[in-house]
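Biologist: I have a model open and some questions about it. Can we go through it step by step?

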Amino acid sequence: MKKIIFIFSLLMIGFSIQSQEVKKKKNAKVSFEVDGICGMCKKRIETAALKSKGVKYAIWSVKTHQLNLIMDERKTDVAAIQSNILKVGHDVVGFDAQKIEATTEAYNTVHPCCKYRDEEIILDHEGGLKKQKKKTK
Amino acid sequence: MNKILINSLLLFLPFILFSQTTFNGMLMDKSNPKDNLGVEGATVHWLGTNISSVTNKKGWFTIPYKVEYKKLVINYLGFRTDTLTIKSLKPIHHFLTPESGLDEVTIRSKRKATQKAFFATTNVFTVNSDELLKAACCNLAESFETNPSIDVSFSDALTGTKQIQMLGLTSPYLLISQENIPSVRGASQVFGLTFTPGTWVESIQITKGAGSVVNGFESISGQINAELVKPFSDNKFFLNAYSSLNGRFELNTHFNERVSDKWQTGLYVHGNYRGEKFDRNNDNFLDAPLANQINVMNRWQFTDAEKGWVSFINIRFLNDEKQTGEINFNPSLDKGTTNAWGSEIDTKRFETSGKLGYVFPALPFQSIGFQMAYSNHEQDSYFGLNVYDIRHQSVYSNIIFNSIIGDTRNKFKTGINFTYDKFEELVNTLDFSRKENAFGAFFEYAFDNLDNFSLTAGLRVDTHNLLGTFVTPRLHLRYAPWEKGVFRASVGRGKRSANIFAENQQLFASSRQINIDNVGGNIYGLNPEIAWNYGVSYLQKFNFFEKKGDITFDFYQTNFQNQVIVDWENPQEISFYDLDGKSIANSFQVEVNYSLTKNLNLRTAYKYFDITTDFKKGNLQKPIQPENRFFANLSYETELQENNRQWKFDVTFNNIGKQRLPSTASNPVQYQLPEYSDPYQLLNSQITKVFSSKFELYIGAENLTNVRQKNPILASDDPFGVNFDSTIIYSPIFGRAVYAGLRYKIK
């Protein structure tokens, strides 16, 4: 009996040690902030995310600017997805809370009404749809 | 004792071990705090690192810890992202706050009562309850009057039942479902739509053309799905009373009650009654039947959003009685005699259905659904000396699995269904009883490039005891070449067994002899109907004088490989035979929707039909089918005032072009009809006064200009003679009918 329990405990140790490694999950949920203002931005951001290999599901909230993803960690990582979003002209906030800005070239490709860096356009959207622009920290 | 102690210590050892190198905690849902249930599948990671972990079933997580890690980020889909500062290794308990994206955005532009889908791959439009309130709309059959894609006509001169058509084909060629369970089919084909009260309907989705393969192989020209009101979202109490000068009274009541956190129930009771006899055209026949109906439905809804379960259970019972015929007909004395011509149609229907759906909590794009339905439909009827009894028992079950391939741009639905139909059918002395069963599997793939192109391709394989084993392919494409323009195309196949008597019941109210050309087929000696439907559609939204509008061009063709031809061309006969040659239905429609001013909307449509069939007599246009139709609907609403006070005005105009009538050339002169009917115009109108969010009154008129068919029943003076015929109906029988009603609701 003792033996069994001992072996069992050993097994458990094994598991707990294993759980300390970062497992590559097939359906990992990730979330980070992406800057944008409107429904068009939403479409652009979600499309860029979904077109990244390994991303299964993407939904961006106009209100909170959070991009929620379900991705296959074996195929991709957050940095790769973020780089794809940067390429379509949207700034992202990395894990270290550091804002990574899209290149001016990429930013210039977004539709004029989506110029989220422009205070005037932000105000415009706030007036029309009462959307709350969350200030980036 | 000692031993046990040591043992338990050993058991705990691993936990103690890992608690020193890792950090753990539990995450819970703030909106549901009382059971302290953990949230499964939430992600936590240390800020600025790649070290992350996911919570287990009980909401616990364990994450490797180093002294330099200070900030823990918690993420969960649908919840706010939280960052916590970790100062000690003590396990944490943290509540997640749900993200509610719903309350803060107010959109100024009003939702339209009928919505044309811009992004859907299929040519589908949704009619919501606002639109349904625009017309008298006492039951599902009457709810299409303000909708140009569906034509409403009359089945016969006696029952006044309204028949619907899409793309120039009658309702048997449509798949009519109730919450995605095929409902109006088999024995209920003619009267089925009148058995769903209008107030029970929450919205209707109309798909033109091939449609989806998920619900079966029977649909040919389109699909109509009615969503019923749900205990969860319907008013706590609702009352609707209606009275028409054509003698009809209706009463609808809804009661919805929350039983527990997860269970809601609703009881819906409908009754209608017509006891007054009308004969305005003096043909000695009732213009509208004496009728009464009791219809009771009980629904149960179960929702457990956290675990991803949704379920519905429905039970419904219906009793409907109609009496029609000569004014002085007394059923107890005259039934089965030639004293007076009369008819009674008594229907009892019981149905029950259950649905169970599960959405994988960690995978919002993956779900599984199960549906099961049983119905028993019994109609006992006689028409003069003709007896027609039918009992149809039906079982339908369906399992659907929804998921994605790679990512959400590629979705699929797959599953199996099983149907069983038992018909006990008696036509005078002939017994046409039969059993049908079918087992099928389907797969439907949907692609969307998230920009301008999407596609839905479906395939199903069925094995049917009478129709054999066959494949049903269907394809839909959508392409948006430029802003606000959408081009759609569809192609698909459908196959069905024609229930010749149930679908053409009006034949019994005539002296026509029934002929069936038995070719040794499995159903009434006839072969199954097979057709291909092709369609193209173009929708363009526009701004004209700064007002929004859209224009749609539709062209659809249905090409029959086999059809059971219903031949009315000999006035003493009705013949059913397999198609030999061509049968093609072409339909073209232009529809314009435009906001003339802020609260004044115009919807107008022109339709052209070219429906030709090779009858035995030769290639002819389908009888009683206008070639041209014009439709216009104008609706005006006053500005919404406090407490939702408002006036609503609605006018619908229809121009029905000339229609070819079945040949009556061999009849004596007084019983002959012209080759074509004259065009005529119909005008309906309704005014609604909303007094508060609780109470409203409406008053309206159908057929304002009092258009009536002069002689709806041939040989009404000699109902037992050879020329008696009440089946050739091309215009209203009942003239102007003014109605009024009220609606009262408590949220």
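Biologist: Which residue of E11(B) stands opposite Ile150(B)?
Modeller: Keep in mind that this is a predicted model. Strand E10(B) is joined to strand E11 (residues 162–166) of chain B by five bridges, and the two run antiparallel. Opposite Ile150(B) stands Met166(B).

Biologist: Which strands stand at the edges of that sheet, each with a single partner strand?
Modeller: The open sheet has three strands in the order E10-E11-E12 (chain B), paired antiparallel. Each edge strand has a single partner strand, so one side of it is left without a neighbour in the sheet. These strands are E10 (150–154) and E12 (169–170) of chain B.

Biologist: In E20(B), what is the bridge partner of Gln264(B)?
Modeller: Start with the strands. E19 (residues 263–274) and E20 (residues 290–304) of chain B pair in the antiparallel sense over 12 bridges. The partner of Gln264(B) in E20(B) is Gln301(B).

Biologist: Now chain A. Is strand E3 of chain A largely enclosed or open?
Modeller: Look at both faces. Gln66(A), Asn68(A) and Ile70(A) are buried on one side, and Leu67(A), Leu69(A) and Met71(A) are buried on the other. In a regular strand the side chains alternate between the two faces of the sheet. Six of the six residues of E3 (residues 66–71) are buried, so the strand is largely enclosed.

Biologist: In E3(A), which residue is the bridge partner of Tyr57(A)?
Modeller: Strand E1 (residues 28–34) of chain A runs antiparallel to E3(A), with six bridges. In that pairing, Lys29(A) stands opposite Ile70(A). Strand E2 (residues 55–60) of chain A pairs with E3(A) over five bridges, again antiparallel. The partner of Tyr57(A) is Ile70(A).

Biologist: In the hairpin of E2(A) and E3(A), which residue takes a positive phi?
Modeller: This hairpin has five residues between the strands. The phi in question is near 70°. The residue is His65(A).

Biologist: How wide an arc do the buried residues of H3(A) cover around the axis?
Modeller: In helix H3 (residues 78–87) of chain A, the buried residues are Val78(A), Ile81(A), Gln82(A), Asn84(A) and Ile85(A). Their arc puts them on the same side of H3(A). They pack against E1, helix H2 (39–50), E2, E3, strand E4 (92–93) and strand E5 (99–100) of chain A.

Biologist: What is the radius of gyration of chain B?
Modeller: Chain B has four helices and 43 strands. The globule rule gives 27 Å for 747 residues, and the chain comes close to that, so it is as compact as a globular protein of that length. Its C-alpha trace spans about 110 × 60 × 55 Å along the principal axes. The radius of gyration is 30 Å.

Biologist: How far apart do the C-alpha centres of the two domains of chain B lie?
Modeller: The domain assignment gives domain 1 (2–96) and domain 2 (224–746). Their C-alpha centres lie apart by 57 Å.

Biologist: Is Val592(B) buried, partly exposed or exposed?
Modeller: Val592(B) is found in strand E36 (residues 583–597) of chain B. Leaving out residues up to four places away in sequence, it touches Gly549(B), Ile551(B) and Thr604(B). A buried residue needs 20 or more other C-beta atoms within 10 Å, and an exposed one has 12 or fewer. Val592(B) has 16, so it is partly exposed.

Biologist: Which element of chain B has the lowest mean pLDDT?
Modeller: Chain B averages 87, and 92% of its residues score at least 70. Yet pLDDT stays under 50 over residues 12–20 of chain B. Where pLDDT is low, the predicted coordinates should not be read in detail. The element with the lowest mean, 50, is helix H1 (residues 2–21) of chain B.

Note on methods
Residues are numbered from 1 along each chain as its sequence is written. Chains are lettered from A and ligands numbered from 1 in the order in which they are written. This is a predicted model: local features need pLDDT of at least 70, side-chain atom pairs count only at pLDDT 80 or more; totals for chains, interfaces and linings use all residues. Two strands pair if DSSP finds at least two bridges between them. Domain bounds come from an automatic or database domain assignment. Two residues are in contact if their C-beta atoms, placed from the backbone, lie within 7 Å. pLDDT is the predictor's confidence in each residue, from 0 to 100. The arc is that of the directions from the helix axis to the C-beta atoms. The radius of gyration is taken over C-alpha atoms; the globule rule is 2.2 Å times the number of residues to the power 0.38.
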